[in-house]
Amino acid sequence: MGYAVKELAALSGVSVRTLHYYEERGLLVPRRLANGYRVYDAGDAARLQQILLYRDAGMALADIKDLLDDPAFDAREALRAHRERLARKIEQTEAMMRAVERTLANLEKGTAMDDAKRFEGMKRLAVEENERLYGEEARAAYGDAAVDASNEKVLAMDEGQWESAEGLAEAILDKLAEAVPTRDAHGGAARELCAMHEAWLKMYWPDGMYTREAHAALAETYVADERFRMYYDARVEGGARFLRDALKAYCAQ
């Protein structure tokens, strides 16, 4: 069974232009007939599904290609991992829905929700989500005491500190998008990015925990761990590797 490009586009919900772009990038290359027409087989359709799943997860196209072309790639394991990511998204969405419903109920009753309780719920949700996503690895790397102290530091933040930390996290992504095109992990934009990243870490890490060695070690996980890599690469392609290289240079000074 084969599909013409328009048929696969209709089946998958992506545009013909997108399929052509994936072909140009070497992601999805169909067989060509003698007349030059493209023909996609069942294997191509399955590969397209994987591409779309990983794009939905925020992975850069270059990384998707590397992953799918890896001889060790296991489609079943990849689907299980994606199912886990979707489950975490559902949990987070449901938690936010509960927060919205509580706030809406207070508004409809004409009663004001206590700001401290509202803010406390946001912080606790962030801590719980971080534990679900990274808790096991963080406790193995830094120990229970350090992770517990970090969680306590987050829960002790006042609203101004919380907003500053959230704002700095977004500013780091903006600076990363500015620095990557320079291709200079030692340049001025890279150094500014790393200084911002250091300040952001110190907002969350317990006092006295930060060292340049610990920062450099963390930077390696931004490439080694798919979750971190997707987070940074979603803002700018190659962002995780650039940040890792910039932090290695910064921490070696």
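Guide: Buried means under 20% relative accessible area, exposed over 50%, and partly exposed in between, with a 1.4 Å probe and protein chains only. This is a predicted model, in which local features need pLDDT of at least 70 and side-chain atom pairs count only at pLDDT 80 or more, while totals for chains, interfaces and linings use all residues. Residues are numbered from 1 along each chain as its sequence is written, and side-chain values use heavy atoms, with hydrogens and water left out.

Visitor: Which class of accessibility does Arg 32 fall into?

Guide: Arg 32 forms a salt bridge (a side-chain nitrogen of Lys or Arg within 4 Å of a carboxyl oxygen of Asp or Glu) with Glu 23, the closest N and O atoms being 3.1 Å apart. Glu 23 is buried at 16% relative accessibility. Because the relative accessibility of Arg 32 is 42%, this residue counts as partly exposed.

Visitor: Which residues does Gln 50 touch, leaving aside those up to four places away in sequence?

Guide: Gln 50 belongs to helix 3, residues 42-56; helices are DSSP runs (H or I, at least four residues), numbered from the N terminus. With 6% relative accessibility, Gln 50 counts as buried. Its contacts (heavy atoms within 4.5 Å), not counting residues up to four places away in sequence, are Leu 68, Phe 73, Ala 75, Ala 78 and Leu 79.

Visitor: Why are the buried residues of helix 4 said to be on the same side?

Guide: In helix 4, residues 61-69, the buried residues are Leu 61, Asp 63, Ile 64 and Leu 68. The arc is taken from the directions from the helix axis to the C-beta atoms. These residues lie on the same side of helix 4 because they cover an arc of only 155°.

Visitor: How many residues apart in sequence are the parts tied together by Arg 241 and Asp 63?

Guide: Arg 241 forms a salt bridge with Asp 63, with 3.4 Å between the closest N and O atoms. Arg 241 lies in helix 12 and Asp 63 in helix 4, so the pair ties together parts whose separation in sequence is 178 residues.

Visitor: What is the distance between the closest N and O atoms of Glu 198 and Lys 202?

Guide: Both residues lie in helix 9 (residues 188-204), four residues apart, about one turn of the helix. Glu 198 is buried, with a relative accessible area of 11%, whereas Lys 202 is partly exposed at 40%. In the salt bridge between Glu 198 and Lys 202, the distance between the closest N and O atoms is 2.8 Å.

Methods. Helices (H or I, at least four residues) and strands (E, at least two) are DSSP runs, numbered from the N terminus.
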